[in-house]
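Here is a briefing on selected helices, their packing and a few individual residues. Look through the sequence and the model first.

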Amino acid sequence: MPHHDRAARAVAAVGRVCVRHRVAVIGAWLVLVAALVVATRVVGAPTDNDVSLPGTDAQLVRDLTASPTAPLTGGTVIVVAPDGRLDDGARAGVLAATAASLRGAEHVTAVTAPSTRDGSLSADGRTGWFTVGLDVRRAELTRAVAHAVTDAARPAADAGLRVLPGGALAQVVDGSGSTGDEYFGVLLAALVLFLALGGLAGAVLALLTSALSVLATLGVVGLAGNLTSIPAQASTLALMIGLGVGIDYSLFLLSRFRAVTRSGLAVPRAVDRAVADSGPAVVVAGVTVAVALAGLGLTGVPLLRTLAWTCGIAVLFAVLAALTLLPALLSQAGGRIARGGALHDRLARRAGSGGFWARQADRVTRRPVLAGGVAVVLLVLLAAPATDLRLGQLDAGSSPESTAVRRANDAVSAAFGPGVATPLTVLGRLSTPVADERDPRAAPLVAMARAQPGVAAVGPATPSEDGRVVTVQVIASTSGGDPATADLVHRLRNQSVPGMTVHVGGTTAARVDLADRVTDTLPLVIAVVLLLSVVVLLLAFRAPLLALKAAVVDLVSIGAAYGVLTAVFTWGWGATWIGLSGPVPVPSFVPLVLFALLFGLSMDYEVFLLSDVRRRWELTGDNRRSVREGLLGTGRVITAAAAIMVGVFLAFVPNDDPTIKMFGVGLAVAIAVDATVVRCLLVPAAMVLLGDLNWWTPSRPRWLNRLNNST
C-alpha cells in the first residue's frame, strides 16, 4: 500500500470516528476550552517580560546583586516641574507629602524621594523620580496596582507638577500594547471565508474551529505562566499564529469538502473524502511548522524557547481542531455548505475553464521560463534592501509616543541625558573582601569606568554585605538602543582591574548578550531547520528534488520579508504610518524567529500545492498537466488562505510594541509574496522545467525504508 494511502486512511479514520461520535467530540472541545479559560482566569499567571539569560555576563551580575531583603518589584514615579526647582521652598514640602502618600498606597513597602545625592534629581532641579518598592512579584503586578501607586502621587499633581509612571509601573500600564485592531483581522478573515466558501455557514465553522483552538492555546499558555516566565510578546505571537493557521487549515478542508460534494457525494462520505484528501497535508504542514519552531530551542535562549513552544502549542491545537472538531461540525452543518449558494457557484465558474486561474495556469505552464524569470526579478528587488539590515537594541525611546514607557523615557532623557533610563551595572569580584566603600581596593573600579569614552556619569562603589563584590552604576552618554552603548558594554568587559574580575550587567548588557548568543547559534539553527524540513517533505512526498526546491523557494520568500523589514524599520519608509516616530533598530532575535515561523508557514502552501499536483500526477502521469490542474485547483484557495493570514498579521501592526509591529509586517509580507509570486509563478514554473525529475526517487537505504514503514 503506498505511503500516502496509509496516511490518508489513518487520518480519514480519525475523521470518521469524530463524525460517528460528533456530539461527544464537540462537547469535549467545549468542555476543554471552558475549563482552560476558567482555570486561567482563576490561577493563570500574567505575562512577565523579565526573562533570564543563563550563562551570560549580565545574568551573573543579576544573580550576584540579588538581595533577599530587596523589594519584590521596583518602579518609579516621575515628577516634572513647569519651572523652578523641586527641592526649593514649598515644593520641598510637596515632595515630602507625596512621599508620605506613596508610602500609604497598597503594596508599597519603600519610597525614596528625589535627591541629588543618589542622582534621582536633575541638575536643574526640575525633574526627579520617586523610587518605589512593592511587595508583589513583577509577574503579579497588575495595571490596577500601577494606577493606584501613580494616583497616590496626587499631592504632586495637585501642586501643578507633571506625574508619570516609570520603570515597571509604566510597562504594566501599557500592558500588551494591544489596540483592539486585531478584531479587524478576524472580520477580514470572515469576509474572505464568505467569498471563498460562498456562504455564511462555512465561514462560521472555520471561525468557530479557529476560535476554540486559539482559546485552548491561550489557556494553556496562561496556566504555564505559573511554571515559567512568559513575555507578553509570546502570547501575542501565539495568538497571531493560532488565528492564521487555524483559519487556513479549516479553509483547506472546507474547500475540499465543498469540491467533493459537487460530485454528488452525501455529507458523511464527503467529510470522509475531504479529511482523507486534505488531512495528511494539514498534518505535514503542522509538523513542518513545529520542526521549524523547534530549531529555536537550539539557541539556548529562554525567550526564544518560550516563543517557540507557545507558537507550537497554537499550531498543535489548530491541527487537532481541523482533524477532529471540524469533521464533527461538518457532519452537523455540512448540508448547508454542500448546498452552497449562487455566490459560490458564480465564483466556481469563474475559477473554471476560461477563468483567471485557468488563464494563469496556462500562462505559467506554457511559458515557464518567462514566468520564473519575472518571479525571480520581483523577489530580488524585494530582498535587495536586506543587505542593509541593521540589528540593534530596542529601548523605551523606540516605543510609540503615546505609550507610558515612551513618555517616561522622554522626560528622564531630556533632564538627565539619554543613558539614565538604561544604566549599566559594573561589578567587580574580589578574592579578598573589602571593608566598606572607603576601602582603597574599590577605587580602581570607579576610576576604570570613568576613564572609558562614552561614559556620562559614574556612581560610587557599593560593596556587598560580605565585601566580595563591588558594584558601580555607570550612565552612558548614549541611549540603550544606540550601538555606541553596546560598544561601551564590550569595552568595560574587556578592561582589567587589579585584584578583581570585571562583569557588566543591566538591561542593555542583557540585550547585548542576547544578540551575541543569537549570532553565535544562527548558522546552526538555520542548518538544522533546513535539514529537518527537507526530511519531513522527503518522507511526505518521496521526491528529493521537490523537497530541496521547497526549501530553496522558502528561503527566497524569507529574503523578501527581510528586505521589506529593512525598508520599513531601518530606513524608516512608512514608519509613521504604523505608529512609529521614525526608524528603529531591529532586535537580533526578530530575524531568527521570523525565519523559523516563515519557513514553517510557507511550507504550508507548498505542501497543499504539491499534494494536489501529486494526486493528479498519480492519476495521469503527465507532469505539465498535473502542474496546470494543481495550480488551477489550489490557486484560489491558497490565495484566499494567504489573504486571511495577511489580514490577521497586519491587524497586529498597530500594536504599541515595536517588536510585534516587526513580526506583523514581516509575516504579512512574506505570506503575501509566498502565495502569489512564489506559489503562483516560481514554483509551478520550476516544476514544469524539471519535468519528470520532480518525481524522481532514488533507491532508498534500508534505514529510510524502516523509517517509512514506521510512519
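H21 and H23 cross in a right-handed manner; a crossing is right-handed if the near helix is turned clockwise from the far one by less than a right angle, and left-handed if anticlockwise. This is a predicted model, where local features need pLDDT of at least 70 and side-chain atom pairs count only at pLDDT 80 or more, while totals for chains, interfaces and linings use all residues. Residues are numbered from 1 along each chain as its sequence is written, and side-chain values use heavy atoms, without hydrogens and water.

**Helix pair H21 and H23**
- H21 covers residues 589-620 and H23 covers residues 658-690. Helices (H or I, at least four residues) and strands (E, at least two) are DSSP runs, numbered from the N terminus.
- Their axes come within 9 Å and cross at roughly 35°. Axes are lines fitted to C-alpha atoms, for helices over the stretch in contact, and angles run from 0 to 180 degrees between N-to-C directions.
- The contact of H21 with H23 involves 18 nonpolar, 3 polar and 3 charged residues. Ala, Val, Leu, Ile, Met, Phe, Trp, Tyr, Cys and Pro count as nonpolar, Asp, Glu, Lys and Arg as charged, and the others, Gly among them, as polar.

**Helix pair H9 and H10**
- The axes of H9 (residues 200-224) and H10 (residues 232-261) come within 8 Å. They cross at roughly 150°, and the crossing is right-handed.
- The contact of H9 with H10 has 10 nonpolar residues, 8 polar and no charged.
- On the H9 side, the residues in contact include Gly-202, Ala-206, Ser-210 and Val-214. On the H10 side, they include Ser-235, Gly-242, Leu-243 and Gly-246. Contact means heavy atoms within 4.5 Å.

- Ser-213 sits in H9. Ser-213 counts as buried because its relative accessibility is 1%. Buried means under 20% relative accessible area, exposed over 50%, partly exposed in between (1.4 Å probe, protein chains only).
- Not counting residues up to four places away in sequence, Ser-213 touches Trp-29, Phe-317, Ala-318 and Ala-321.
- Leu-243 belongs to H10. Leu-243 is buried, at 13% relative accessible area.
- Neighbours within four places in sequence aside, Leu-243 contacts Val-186, Ser-210, Val-214 and Val-648.
- Leu-243 and Trp-357 are 114 residues apart along the chain, and their C-alpha atoms are separated by 27 Å.

- H19 (residues 507-541) has 35 residues and should span 51 Å at 1.5 Å a residue. Its end C-alpha atoms are 47 Å apart, which agrees. The expected span is 1.5 Å times one less than the number of residues.
- H19 bends by about 45° at Thr-521, and Pro-523 follows within four residues. The bend is the angle between axes fitted to the seven residues ending at a residue and the seven starting there.
- After H19 comes Arg-542, with a positive phi near 55°.
- H20 (residues 544-570) has 27 residues and reaches 38 Å between its first and last C-alpha, close to the 39 Å expected.
- H20 is largely enclosed by the rest of the structure, because 22 of its 27 residues are buried.
- Gly-572 follows H20, with a positive phi near 85°.

**Val-80 in strand E1**
- Val-80 lies in E1 (residues 73-80). Val-80 is buried, with a relative accessible area of 16%.
- Val-80 and Arg-126 are 46 residues apart in sequence, yet 5.7 Å apart in space, C-alpha to C-alpha.
- Leaving aside neighbours within four places in sequence, Val-80 is in contact with Arg-126, Thr-127, Leu-161, Arg-162 and Ala-411.
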